[in-house]
Amino acid sequence: MKVVVCVKQVPDTKGGVKFNPDGTLDRAAMLAIMNPDDKAGLEAALKLKDKYGAEVTVLTMGLPKAADVLREAIAMGADKGVLVTDRVLGGADTWATSTTIAGALRNLEYDLIITGRQAIDGDTAQVGPQIAEHLGLPVISYAEELEVDEAAKKVTVKRQFDDRYMMLEASLPCLVTALSELGEPRYMTPGGIFDAVDAEITTWGRNDLKDVDDSNLGLAGSPTKIAKASDKVRKGAGEKVTPDSPEDAVKYIIGKLDEKHAI
Amino acid sequence: MEFTLDKKHEMARSLFREFALNEAKPLAQQTDEEERFPRETVDKMAKFGFLGIPIPKEMGGQGCDVLTYAMAVEELSKVCGTTGVILSAHTSLCADPIMTFGTPEQKEKYLIPLAKGEKLGAFGLTEPGAGTDAQGQQTKAVLDGDEWVLNGSKCFITNGKEADVYVIFAVTGKIEKRGKMMKEISAFIVEKGTPGFSFGVKENKMGIRGSSTYELIFTDCRIPKGNLLGQQGKGFNIAMHTLDGGRIGIAAQALGLAEGALETTIAYVKERKQFGRSIAQFQNTQFELANMATKVQAAQYMVYSAACKKDEYTKNPKISYSVEAAMAKLYAAEVAMEVTTKAVQLHGGYGYIREYDVERMMRDAKITEIYEGTSEVQRMVISGSLLK
């Protein structure tokens, strides 16, 4: 079984956010981590490797430094890393990103593609399903559990909603988008790190993408235009109170709301 | 000469830091308070390869280097001195001598499970009458047919009751050295569960309280002849070689404790207000922190340099790292004691309260000046090399 996990390097929420003049994120200037939902998806893939000996490839699109998340994935147990990087791909929205990743995936063999539900920087949850659409694959989003039946070539997924869940089955190949509940990511191993740093990362540019049109790539190919972007306004430290009784607490809150003319 | 870490070591450090914060830190208070061996953390360390960091892959290890191992002990000790020493004793004092002096059969049987983390290791040299003076050994081993018969006891043994494999030293006879009759000491590998091998008192310690420090008792304990480690009579050399490496582990533990206390104190002085402003704004605090940080940095360079020297030794056994290890341990241990003491002082009354981490760190730091060779022994090793 071959599994491809699409991962994204995203700004570390512990660090500050920096923007380019065009409103896109200045990724080169920020601390970066592997997107948490993608990491849960990687864990699910590594469990399939533990159980069935699946070959796990991690794929990312980004700046050359995005290779760091591929090395992290390899240090956790992934077999191969593919980095798609090219100046013409920069500033891509979800449409241009999914077009690019689908173009890269057409070069790879897969039974199952796993993406994170959404990235913590864009929060769109669009890229995974769009990739599936480009490739003509079934997609199951919001997966919190995943089982593969290798013999029957099908996947069973528990799909989460706010108040219920669905049990869905799809035949392979298909694409699943992962919630963080899909798996608590394992740690890297020290030896895995040493191997990962020496591992060769396959690097592809625009010309390596299969069956894609330039008009759908990069900032120029992105229908989404960012009008304005700003860092969130930091809230004050707030006020901590420890009222003696629930009645006092209610009285305090009503007083505050009244003070702010909220009621 | 490089003073920056390469990518491998940077990634390894971030792994150890994340693991320490997620796994070891939440248990540190309880480990200390209840003298509880943090088995769940050790099991996780085993699962992710931490118990075999500097051991080659073909021997079940991770194939990394001594520097990586030292960084693991350092990061763990930043949040929990107990967890740091568990790893140090296992790796430096048990796996290392078997890797260095063991036969292929001994490596297959003992080193591979130790490196994979399936077994935990310990080391027994110290006896009630034999601390710094290894010649004071009373534990005896007598060859009887195909078995060695051990009688005697060892004390203050780290990982004591929790380990599975023990490197034990015992007197196997007498030899003449420079006209004097000396005890002949040999090293052995003893497995837990061997009839005649039992545990005595558990020590109630000032610090590193979760590390399972026990007395080991051998009463007609029979082990196979093949469990002699290295040559008969070479036990003293094996012990000294092992302690040279062990000192790098303890130096890393001391470094971690100092760093942990410094980080905790920096955060505290920013929050703590007196006379209407944070105590970080007082020049005394600033100067104390500056001194602490400078010493911590110097200790780190010494520890890393000793670790790199041991790495060189693995490629070229003619190189000695004994003096560097002694200097690193001496300095880092004294820095740990000084920095943790100052950290308590900067915390004021809160620093004396169990709830605050620096209180534990100061108690944990003291042992680094004592075990695996006291600071005085390190000075003997260092001066011995200067005056030979």
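**View 1. Helix α1 (residues 7-33) and helix α3 (residues 66-79) of chain B have axes that come within 8 Å and cross at roughly 30 degrees.** This is a predicted model, in which local features need pLDDT of at least 70 and side-chain atom pairs count only at pLDDT 80 or more, while totals for chains, interfaces and linings use all residues. Residues are numbered from 1 along each chain as its sequence is written, and chains are lettered from A and ligands numbered from 1 in the order in which they are written. Helices are DSSP runs (H or I, at least four residues), as are strands (E, at least two), numbered from the N terminus. Axes are lines fitted to C-alpha atoms, for helices over the stretch in contact, and angles run from 0 to 180 degrees between N-to-C directions. α1(B) and α3(B) are therefore roughly parallel to each other (an angle under 35 degrees). Among the residues that make the contact are B:F16 and B:A20 of α1(B) and B:M71 and B:L76 of α3(B); two residues are in contact if their C-beta atoms, placed from the backbone, lie within 7 Å.

**View 2. Helix α4 (residues 127-135) of chain A contains buried residues, including A:V127, A:I131 and A:H134.** A residue is buried if 20 or more other C-beta atoms lie within 10 Å of its own. The elements covering the buried residues of α4(A) include α3 (94-105) and β7 (139-149) of chain A. Just after α4(A), A:G136 adopts a positive phi of about 65 degrees.

**View 3. Nine residues of chain A contact 15 residues of chain B.** Helix α5 (residues 190-198) of chain A gives the most to the side of chain A that touches chain B, with five residues.

Terms used
Angles under 35 degrees count as roughly parallel, over 145 as roughly antiparallel, 65 to 115 as roughly perpendicular and the rest as oblique. A residue is buried if 20 or more other C-beta atoms lie within 10 Å of its own, exposed if 12 or fewer, and partly exposed in between; C-beta atoms are placed from the backbone.
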